[in-house]
Amino acid sequence: MNHIGTMELSTERLLLRKIRIEDDRDMFEQWASDPQVTKYLTWGAHRSIEDTRQIIALWLKDQDEPHVYRWVIELKSIGKVIGTIDLVSVDTRHRCGVFGYCLSAQYWNQGIASEALKVMLTYLFVEAGFHRIEASHLIENPASGKVMLKCGMKLEGNKRKKFLGHDGEFHDLLVYGLLEEEFLID
Ligand SMILES: CC(C)(COP(=O)(O)OP(=O)(O)OC[C@H]1O[C@@H](n2cnc3c(N)ncnc32)[C@H](O)[C@@H]1OP(=O)(O)O)[C@@H](O)C(=O)NCCC(=O)NCCS
């Protein structure tokens with residue numbers, strides 16, 4: 001493993017970078033306050049910009065650490081952040097990372113998450129030396145699985161009733177993975 005942390009990544013439309021204090025309003029307005037965005041996530045929509053500022057303060061504390069991989073997604077054409085993509089867990093011993101992502105609903109279905117995931121996977125496999133990257137989504141959230149499949153990930157199984165949703169019900173979680181050798185061959 002070669003932990004190199006959150007370096008800037010650029011694609012045609014996107015700049016993936018560390019968060020800044022001054023991103024607070026865009027983060028709050030674009031995605032963090034929207035229950036439509038957080039419907040299938042572990043956290044609930046922020047009620048005030050203070051909630052968002054607290055999260056940003058937490059992120060600022062560790063985002064320069066070499067084992068932290070956490071980007072905001074800036075849309076170059078507007079110069080604003082519209083979402084995040086990050087490793088929510090890193091297992092150095094097994095060179096494995098688990099990611100999550102979320103995006104302002106205004107920009108869904110334009111290939112943005114796929115563009116961000118592709119560049120992040122390249123970075124994690126090629127530069128940081130990860131062996132396996134995985135993620136999961138609620139069965140009711142197929143758009144997320146579509147992004148993973150489009151980026152070459154494989155559906156590995158269904159963890160039945162694994163996830164307690166905001167609705168108080170347990171939901172099935174579909175698990176996807178991608179290995180370094182599969183990614184590098186493609
Ligand atoms: C999941 C999410 C990140 C996808 O972002 P995105 O930028 O819209 O993704 P993309 O445009 O790259 O791809 C979405 C794909 O899902 C498809 N899709 C959208 N809604 C769908 C649905 N209800 N059923 C099946 N496919 C669907 C789109 O058609 C597109 O596929 P295509 O390119 O083959 O047409 C975004 O919807 C989001 O932020 N959701 C809220 C947070 C979230 O759920 N995060 C994931 C947690 S696991």
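Which residue in β2 does leucine 9 stand opposite? Good morning, everyone.

Two housekeeping points. What you see is a predicted model, where local features need pLDDT of at least 70, side-chain atom pairs count only at pLDDT 80 or more, and totals for chains, interfaces and linings use all residues. Residues are numbered from 1 along each chain as its sequence is written.

Let's start with the whole chain. It has six helices and eight strands, and here helices (H or I, at least four residues) and strands (E, at least two) are DSSP runs, numbered from the N terminus. In sequence order the pattern reads β-β-α-α-α-β-β-β-α-β-α-β-β-α. The radius of gyration is 16 Å, close to the 16 Å that the globule rule gives for 186 residues, so the chain is as compact as a globular protein of that length. For that comparison, the radius is taken over C-alpha atoms, and the rule is 2.2 Å times the number of residues to the power 0.38. Along the principal axes, the C-alpha atoms fill a box of roughly 45 × 40 × 30 Å. Buried residues account for 29% of the 186. By buried I mean that 20 or more other C-beta atoms lie within 10 Å of the residue's own; exposed means 12 or fewer, partly exposed is in between, and C-beta atoms are placed from the backbone.

Now the sheet. Eight strands form an open sheet in the order β1-β2-β3-β4-β5-β6-β8-β7, with mixed pairing. β1 and β7 (154–164) stand at the edges with a single partner strand each, so one side of each is left without a neighbour in the sheet. Two strands count as paired if DSSP finds at least two bridges between them.

Back to my opening question: leucine 9 stands opposite leucine 16 in β2. Strand β1 (residues 9–10) pairs with β2 in the antiparallel sense over two bridges, and a hairpin joins the two strands through three residues.

Next, β3 and β4 (residues 80–91) are antiparallel over six bridges, with isoleucine 73 opposite glycine 83. Four residues lie between β3 and β4 in their hairpin, and glycine 79 in the turn has a positive phi of about 65 degrees. Then eight bridges join β4 to β5, again running antiparallel, and serine 89 has valine 98 as its bridge partner in β5. The hairpin of β4 and β5 also has four residues between the strands, and there arginine 95 takes a positive phi near 50 degrees.

Which residues of α4 are buried? They are Ile112, Ala113, Ala116, Leu117, Met120, Leu121, Leu124 and Phe125. They cover an arc of only 165 degrees around the axis, which puts them on the same side of α4; the arc is that of the directions from the helix axis to the C-beta atoms. The face turned away from that buried side carries the exposed residues Val126 and Glu127. Just after α4, glycine 129 takes a positive phi of about 80 degrees.

And the ligand? Of the 21 residues around the ligand, Ala113, Ser114, His137, Ala143 and Lys146 come nearest. A residue counts as near if its C-beta atom, placed from the backbone, lies within 6 Å of the molecule. β5 (96–103), α4 (112–127) and α5 (142–150) each supply at least two residues of that shell, and α5 gives the most, with five. The shell divides into 12 nonpolar, eight polar and one charged residue. In that count, Ala, Val, Leu, Ile, Met, Phe, Trp, Tyr, Cys and Pro are nonpolar, Asp, Glu, Lys and Arg are charged, and the others, Gly among them, are polar.

One last stop: aspartate 64, in the loop between α3 (49–62) and β3. Aspartate 64 is exposed, with 10 other C-beta atoms within 10 Å.
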